[in-house]
Amino acid sequence: MTKGRVLAVGDVAHMVDPFLGEGIYFAIKSAQVAAEAVDGCLSKKTNTLAHYTDWVRNDIAREFIALEKLSKLIYNYPRLWFGLIERNPDIMLRYFDVIRGVTRAEDFHKWVFLQVKKKPWKVLRGLMGGRAKGQK
Ligand SMILES: Cc1cc2nc3c(=O)[nH]c(=O)nc-3n(C[C@H](O)[C@H](O)[C@H](O)COP(=O)(O)OP(=O)(O)OC[C@H]3O[C@@H](n4cnc5c(N)ncnc54)[C@H](O)[C@@H]3O)c2cc1C
């Protein structure tokens, strides 16, 4: 993410959500944190970009790991995901909160897994072919 006096942000730093490929929020957020790091260097007359690298390691990397786990669940079991969205249409609204910076991806990921764990029989039925038409 940094090399010498250069910082990479956004797409070029691979800051694209592994779940749905959203990159605008992460491009803006990383540019803001990078700007703070540069400002820190200029005002404190230091040459450390640690503010940015720490944020990448401790914050954004953890977010992407959570989204990566989620995308493995969804892309390996699309029927399961379809069933979950059918029963919880607000899932996507919660995801939009992630890409608006309102909710952490880690929390969203935990919440989705909780929905799966709460009703494992429904998940199993979804995996085995879905429910009969009209059946709740
Ligand atoms: C078809 C498509 C749909 C998308 N839809 C969404 C979406 O709905 N939501 C979402 O969150 N993300 C979406 N994305 C991803 C999102 O567009 C990117 O993640 C985001 O734009 C990355 O911003 P960035 O500033 O890092 O890079 P960019 O927006 O690519 O900006 C880089 C800029 O650098 C310029 N440039 C390149 N080389 C040089 C050079 N040598 N000298 C000077 N300038 C240069 C380019 O012309 C460009 O203007 C989509 C991407 C694509 C391709």
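Student: What classes of residue make up the shell around the ligand?

Tutor: Sort the residues by class before looking at geometry. Ala, Val, Leu, Ile, Met, Phe, Trp, Tyr, Cys and Pro count as nonpolar, Asp, Glu, Lys and Arg as charged, and the others, Gly among them, as polar. Here the shell has two nonpolar, two polar and two charged residues. Keep in mind that this is a predicted model: local features need pLDDT of at least 70, side-chain atom pairs count only at pLDDT 80 or more, while totals for chains, interfaces and linings use all residues. Residues are numbered from 1 along each chain as its sequence is written, and side-chain values use heavy atoms, with hydrogens and water left out.

Student: Which residues are around the ligand?

Tutor: A residue is near a molecule or strand if one of its heavy atoms lies within 4 Å of it. Around the ligand that gives Gly-10, Asp-11, Glu-22, Gly-23, Ile-24 and Ala-27.

Student: How much of the ligand's accessible area does the protein cover?

Tutor: Accessible areas come from the Shrake-Rupley method with a 1.4 Å probe; for residues, only the protein chains shown count as cover. On its own the ligand has 1000 Å², and the protein covers 25% of that.

Student: Now the rings. How many aromatic pairs are there?

Tutor: Rings of Phe, Tyr and Trp (its six-membered ring) pair if their centres lie within 6.5 Å; planes under 30 degrees apart are stacked, over 60 edge-to-face, and the rest tilted. The count is seven. Phe-19 and Trp-81 are edge-to-face, 5.7 Å centre to centre with 90° between the planes. Helices (H or I, at least four residues) and strands (E, at least two) are DSSP runs, numbered from the N terminus. Phe-19 sits in the loop between strand S2 (6–7) and helix H1 (24–44), and Trp-81 in helix H3 (residues 78–87), 62 residues apart.

Student: Are Phe-19 and Trp-81 buried or exposed?

Tutor: Buried means under 20% relative accessible area, exposed over 50%, partly exposed in between (1.4 Å probe, protein chains only). Both are buried. Tyr-95 and Phe-108 form a tilted pair, 5.9 Å centre to centre and 45° between the planes. Tyr-95 lies in helix H4 (residues 91–99) and Phe-108 in helix H5, so this pair ties together parts 13 residues apart in sequence. Both of these residues are buried too. Ring pairs link Phe-19, Trp-81, Tyr-95, Phe-96 and Phe-108 into a cluster.

Student: What do the buried residues of H4 pack against?

Tutor: Read packing through contacts, meaning heavy atoms within 4.5 Å. The buried residues of H4 pack against H1, helix H2 (50–76), H3 and H5. Among those buried are Ile-91, Met-92 and Tyr-95. After H4 comes Gly-101, with a positive phi near 80°.

Student: Which residues does Val-112 touch?

Tutor: Val-112 is in helix H5, buried with a relative accessible area of 0%. Not counting residues up to four places away in sequence, Val-112 touches Leu-70, Leu-73, Trp-81 and Leu-84. Gln-115, also in H5 (residues 105–118), is buried at 11%. Beyond its neighbours within four places in sequence, Gln-115 contacts Leu-84 and Asn-88.
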